[in-house]
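Hi there,

I am passing a structure on to you, and my notes on it follow below. Please have a look at it before you read on.

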Amino acid sequence: MSRPVVGIISNSHMINDDYHVYGAGALNVQALSDVSGTLPLIVPVDPEKVSVDELMNTFDGFFFPGGRPNVHPEEYGEQFTEAHGTYERNRDRITLPLIRACVTRGQPILGVCLGFQEVNVAMGGSLYPEIRDLPGRDNHRMPPDGTLEEKFALRHEVALTEGGPFHQLFGASRVMTNTLHGQGIKVPGPRVVIDGYAPDGTPEAIYIKDAPGFTMSVQWHPEWNAQDDPVSRPLFTAFGEACRAWAAGALRKAG
C-alpha cells in the first residue's frame with residue numbers, strides 16, 4: 001500500500017553565494033519516513049512556481065520545520081527591527097495561507113520551531129522577537145558550540161494541560177524536551193490553544209481549537225532521536241496516522 005505523501009516546507013539557501021537551493025533537514029526526512037511512515041517530499045518556497053491549491057491537491061499532509069529565518073513581523077502587524085532577525089518572505093507567502101487552508105479543510109499539519117510560530121501567526125497571533133530578552137525568561141536558543149548530541153540534548157520540562165491532547169498523546173503531564181528557539185508566542189491566535197508551557201512560562205505546545213484535522217505543533221525539535229524518544233515518537237506516529245486517514249478519505253472520494 002502506498003505511503004501518504006507529506007510535503008516538507010523547505011528553507012532557501014545559497015551555495016557559494018551564487019547558487020540558490022531549497023533544502024530540508026535530513027532528520028526531518030528520517031522522522032517522517034521511519035516514524036510517521038510517510039513519503040516525505042520537499043516543497044520549494046516559491047509562490048510563483050507553486051500554489052496553495054496545487055500543494056493541497058498533491059500532498060496528504062504538511063510538515064513545517066524549523067529554519068534560520070523568522071516570520072516577518074509585518075505578518076502580525078508589527079514594524080521590523082533588527083531584533084526580529086532574518087526572514088524569508090517567500091516562505092511566509094507559502095506557509096501562512098497554506099496553514100489556514102489546511103486548518104479549514106482538515107488536512108493534517110505538524111509545525112516544529114519556526115513552523116510552530118508560523119501556525120500561530122497564520123491563525124492571527126503574534127511573536128516576541130527574542131524570548132531571552134524578556135524579564136524572567138530563559139535563553140531557549142541552540143548552544144553555539146558542541147556536538148549535535150550536545151546541541152539537541154534535552155533541556156527542560158514542558159508542563160502539559162491535564163487531560164489535554166498532548167497529555168493524552170504522551171501519557172504524561174510533564175515531558176522533557178530539547179528547546180532550541182529564539183522567538184516565541186506573544187499573543188496566541190484566537191483559536192490557538194496553548195497546551196504546554198516551559199518552566200519560564202514560554203508556550204511550547206499548541207493546537208487549533210475546533211479544527212477538523214490534526215493541528216499539533218511544538219516549539220522544540222522532536223525530529224532529533226525521533227525513533228527512540230518517548231515524546232518524539234508518539235508525536236510523529238500520530239501525525240502519520242492522521243495523514244493515512246486523510247489519504248484514505250481522499251482515495252475514497254476519488255473512487
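This is a predicted model: local features need pLDDT of at least 70, side-chain atom pairs count only at pLDDT 80 or more; totals for chains, interfaces and linings use all residues.

Arg-105 sits in helix α3, which covers residues 89–105. Arg-105 is partly exposed, because its relative accessibility is 40%. Leaving aside residues up to four places away in sequence, Arg-105 touches Met-56, Asn-57, Pro-212 and Trp-246. The side chain of Arg-105 also makes a polar contact of 3.4 Å with that of Gln-107.

Now to the charged pairs: the structure has seven salt bridges. In one of them, the side chains of Arg-89 and Glu-74 come together at 3.6 Å, N to O. Arg-89 belongs to helix α3 and Glu-74 to the loop between β5 (61–64) and α3, so this pair ties together parts that are 15 residues apart in sequence. Arg-89 is buried, at 19% relative accessible area, whereas Glu-74 is exposed, at 54%.

Arg-89 has a salt bridge with Asp-92 too, with 2.9 Å between the closest N and O atoms. Both residues are in helix α3, three residues apart, or about one turn of the helix. Asp-92 is buried, with 3% relative accessibility. Glu-74, Glu-75, Arg-89 and Asp-92 are linked in a salt-bridge network.

Another salt bridge joins Glu-78 and Lys-186, whose closest N and O atoms are 3.3 Å apart. Glu-78 is in the loop between β5 and α3 and Lys-186 in strand β10 (residues 184–187), so the pair ties together parts 108 residues apart in sequence. Lys-186 is partly exposed, with a relative accessible area of 38%.

Best wishes

How values were computed
Residues are numbered from 1 along each chain as its sequence is written. Side-chain values use heavy atoms; hydrogens and water are left out. Helices (H or I, at least four residues) and strands (E, at least two) are DSSP runs, numbered from the N terminus. Buried means under 20% relative accessible area, exposed over 50%, partly exposed in between (1.4 Å probe, protein chains only). Contact means heavy atoms within 4.5 Å. A polar contact is a pair of N or O atoms within 3.5 Å; within protein, one must be able to donate a hydrogen and the other to accept it, and residues adjacent in sequence count only if both atoms are side-chain atoms. A salt bridge is a side-chain nitrogen of Lys or Arg within 4 Å of a carboxyl oxygen of Asp or Glu.
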